Amino acid sequence: MENPRYEKALSDPIFEVISSAASQLGLEAYVVGGFVRDYFLERGEQKDIDVVAIGSGIDLAKKVSQLLPGKPKVNVFKNFGTAMIRQGNLQLEFVGARKESYRKDSRKPIVEDGTLEEDQQRRDFTINAMALDLRPDTFGTLLDPFEGMADLNQGLIRTPLEPGITYSDDPLRMIRAIRFATQLNFQIIPESLQAIEENRDRIRIVSRERIVDELQKIMAAKQPSVGLALLHKTGLLEYILPELTALQGIEEIEGQRHKDNFWHTLEVVDNISKKTDNLWLRWAALLHDIGKAPTKRFDKNIGWTFHGHEFVGSKMVYPLFKRLRLPLNEHMKYVKKVVRLSSRPVSLSDDHVTDSAVRRLIFDAGADVEDLMTLCEADITTKNPRKQRRYLKNFQEVRKKIKEVEARDRIRNFQPPVSGETIMKTFDLKPSREIGLIKEAIKEAILEGEIPNKQEDAHRYMIHKGLELGLKLSNEALKNLSEDD
Ligand code: ATP
Ligand code: MG
């Protein structure tokens, strides 16, 4: 049977350019990998194009650049034998076809030049191993020796070789399988899933950076729980996020049970993913209950408690991010903060919501107060529709109150309405403890609603507080006071 041709897949003019560059060098060139897969899946425009040359990928890249207007820069990665060109919003990756053989005791494969089919064989999955021909005479022909198209149509993740070999050679592929299953809503074939379970321990030899790249793609998917559950099922999650697997299980003492916080967490992550693409808010959802494993207690009088789990959990965020090589910048701080505050709106909505409690919440959460509310709403996983409605309504109440209070008191970006300098001038003070005390007292008075968040009121309160502390007004302050009268 003749191989089908898909010239339409290659309608972007860039492919003509690559094709003639290859001809001029007397090379064969093919498009492979994600571009081909996503074309057939109709996943929208692919920006990354992987090109395989039978011969030097670097030479091909250089030739392509010469033929392009403006001769874009060729980034050469000599160690990998690859080269990259950016052209408009496209990113072109060039590599020479290769054959890889692995030895059990080494992560690094022995790499030799290979045929197209050998190159396809070393790829991770059949759906990623399809190639489209760029040679002029056979332009657009699909070369699919492992029947990736059939797997694509049936939604299957399958390895080109025996799965045990593919996964053992590069154990990252185990997480990639799960990542693609999550992104594409595909099934990993049972034989492959079993091979992942068997090879899970080899994930130890993979760098954390590579693992986290894949994990982030799982977290960014529409329904991250698909991947998280697969990671759990195959035993991989234990290596990556033991803090999470520690949440799994239900204990019963004296007829009292607590919920399974692992499966609850997965539901929360899916819920929040319907509401936000903010990856870090999704991370906060993933980690919001991790403090529950180390704080779990059974109390004869109250039953199961997880007292202080938000604080303990938020303290676990930094070491976890550090271990996974996640950024330790403001994203980490944000996740930490949202985890720490994750139960506050719940306690608020339990009883009558007071203005001062809302002001304190806004003060502590600052600009992230809405994200916090989004997490709390996603945290509702009760299957009882009446409870569900009631909880949601309570949170809507809190949200409304936040808006009202914020409009009036502007606590969100709280700036001390009286500066330390003013306090020093008013009482003729050198830098000292009193200044901190007065500032804190003003802040407290505002949050408690004793005074409005206005400069004038805060100023008056400062004088009151200073005198109460036994301080004396400076001459200048006295003069100003009498002028005001
Ligand atoms: P994405 O849309 O996420 O970029 P992709 O399939 O393009 O998906 P890449 O990581 O960009 O994934 O890799 C490009 C191609 O290289 C893959 O389609 C696959 O053929 C091959 N590949 C990538 N990583 C591996 C690996 N670890 N083992 C084998 N082949 C791989
Ligand atoms: Mg890609």
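This is a predicted model: local features need pLDDT of at least 70, side-chain atom pairs count only at pLDDT 80 or more; totals for chains, interfaces and linings use all residues.
Residues are numbered from 1 along each chain as its sequence is written, and local features need pLDDT of at least 70, while side-chain atom pairs count only at pLDDT 80 or more.

Q: Between which two domains does ligand 1 lie, and why?
A: The domain bounds come from an automatic or database domain assignment. Ligand 1 takes residues of its shell from both of these domains, so it lies between domain 1 (7-153) and domain 2 (155-240).

Q: Which helix gives the largest share of the shell around ligand 1?
A: Helices here are DSSP runs (H or I, at least four residues), numbered from the N terminus. Those giving two or more residues to the shell include helix H2 (34-40) and helix H9 (208-219). The largest share, 4 residues, comes from H7.

Q: How many residues of the shell around ligand 1 are charged?
A: A residue belongs near the ligand if one of its heavy atoms lies within 4 Å of it, and Asp, Glu, Lys and Arg count as charged. The shell holds 1 nonpolar and 4 polar residues, and the charged ones number 11.

Q: Which residue has a side-chain N or O atom 3.0 Å from an oxygen atom of ligand 1?
A: A polar contact is a pair of N or O atoms within 3.5 Å. Backbone atoms take part as well, with a polar one of Gly 34 at 3.3 Å from a ligand oxygen and an N or O atom of Asp 124 at 3.2 Å from a ligand nitrogen. The side chain at 3.0 Å from a ligand oxygen is that of Arg 176.

Key: Chains are lettered from A and ligands numbered from 1 in the order in which they are written. Side-chain values use heavy atoms; hydrogens and water are left out. A polar contact is a pair of N or O atoms within 3.5 Å; within protein, one must be able to donate a hydrogen and the other to accept it, and residues adjacent in sequence count only if both atoms are side-chain atoms.
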